[in-house]
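Hi,

Here is the structure I promised to pass on. Have a look at it first, and my notes follow below.

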Amino acid sequence: MTGGDIAGLIAAGVFAILVALLAVPIFKLGKVLDEVRTTIKQIGDGTTPLIDEVTSTVATTNTQLGKVDGISNNISDATANISALSSLFAATLGQPLIKVAAFSYGVRQALASRKKPVRARRSR
């Protein structure tokens with residue numbers, strides 16, 4: 001055996017040790033990738049029912065918002081009707097009622113001033 005053969009055997013041994021040392025991290029990386037694949041599959045399996053529930057919730061919410069929209073339209077119509085009714089009341093009964101109240105106030109003042117005798121002020 002020559003020196004070159006010994007050097008070749010040593011280099012082959014070192015290369016075999018290097019391959020063995022690199023095989024351990026590669027094997028561990030394979031296990032990590034298997035776990036990642038399993039986790040992604042579980043997330044995918046859990047996401048589908050969740051998306052179905054969200055879709056159902058959004059549909060129910062849209063239905064409720066449609067009902068609220070109808071209620072707000074009815075309230076708007078009722079408010080407009082009440083406004084028109086108060087305007088009609090003010091136009092038909094408001095002015096005459098104010099005139100009657102002013103007239104009765106004037107009559108009361110006139111009658112009240114007639115009943116009280118006028119007293120002269122005392123001077124000091």
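Which residue forms a salt bridge with Asp34? The partner is Arg37, and the closest N and O atoms of the pair are 2.8 Å apart. By salt bridge I mean a side-chain nitrogen of Lys or Arg within 4 Å of a carboxyl oxygen of Asp or Glu.

Some housekeeping before the rest. This is a predicted model, so local features need pLDDT of at least 70 and side-chain atom pairs count only at pLDDT 80 or more, while totals for chains, interfaces and linings use all residues. Residues are numbered from 1 along each chain as its sequence is written, and side-chain values use heavy atoms, with hydrogens and water left out.

**Overall form**

The secondary structure comes to one helix and zero strands. Both kinds of element are DSSP runs numbered from the N terminus (helices: H or I, at least four residues; strands: E, at least two). Helix α1 covers residues 3-115. The C-alpha trace spans about 155 × 55 × 20 Å along its principal axes. The radius of gyration is 50 Å, whereas a compact globule of 124 residues would have one near 14 Å. That radius is taken over C-alpha atoms, and the globule rule is 2.2 Å times the number of residues to the power 0.38.

How much of the protein counts as buried? The share is 1% of the 124 residues. Buried means under 20% relative accessible area, exposed over 50%, and partly exposed in between (1.4 Å probe, protein chains only). The protein exposes about 11400 Å², with carbon and sulfur atoms supplying 68% of that; the areas come from the Shrake-Rupley method with a 1.4 Å probe, and for residues only the protein chains shown count as cover.

**Charges and salt bridges**

The 14 positive and 8 negative charges have mean positions 56 Å apart. Lys and Arg count as positive and Asp and Glu as negative, with His and the chain ends not counted; each charge is placed at NZ of Lys, CZ of Arg, CG of Asp or CD of Glu.

A search of the whole structure finds two salt bridges. Back to the Asp34 pair: Asp34 and Arg37 are separated by about one helical turn, because they sit three residues apart in helix α1. Asp34 counts as partly exposed at 36% relative accessibility, and Arg37 is exposed at 55%. The C-alpha atoms of Asp34 and Asn62, 28 residues apart along the chain, are separated by 42 Å.

Asp45 and Lys41 also meet in a salt bridge, at 3.5 Å from N to O. These two lie in helix α1 as well, four residues apart, about one turn of the helix. Lys41 is exposed, with a relative accessible area of 56%.

**A nonpolar patch**

Met1, Ile6, Leu9, Ile10 and Val14 make a nonpolar surface patch of about 560 Å². Patches are built from residues with over 30% relative accessible area and no salt bridge, joining like charges within 9 Å and nonpolar side chains (Val, Leu, Ile, Met, Phe, Trp, Tyr) within 5 Å. Ile6 is found in helix α1 and counts as partly exposed at 41%. Ile10 is exposed at 54%, and its C-alpha lies 26 Å from that of Phe27, 17 residues away in sequence.

Cheers
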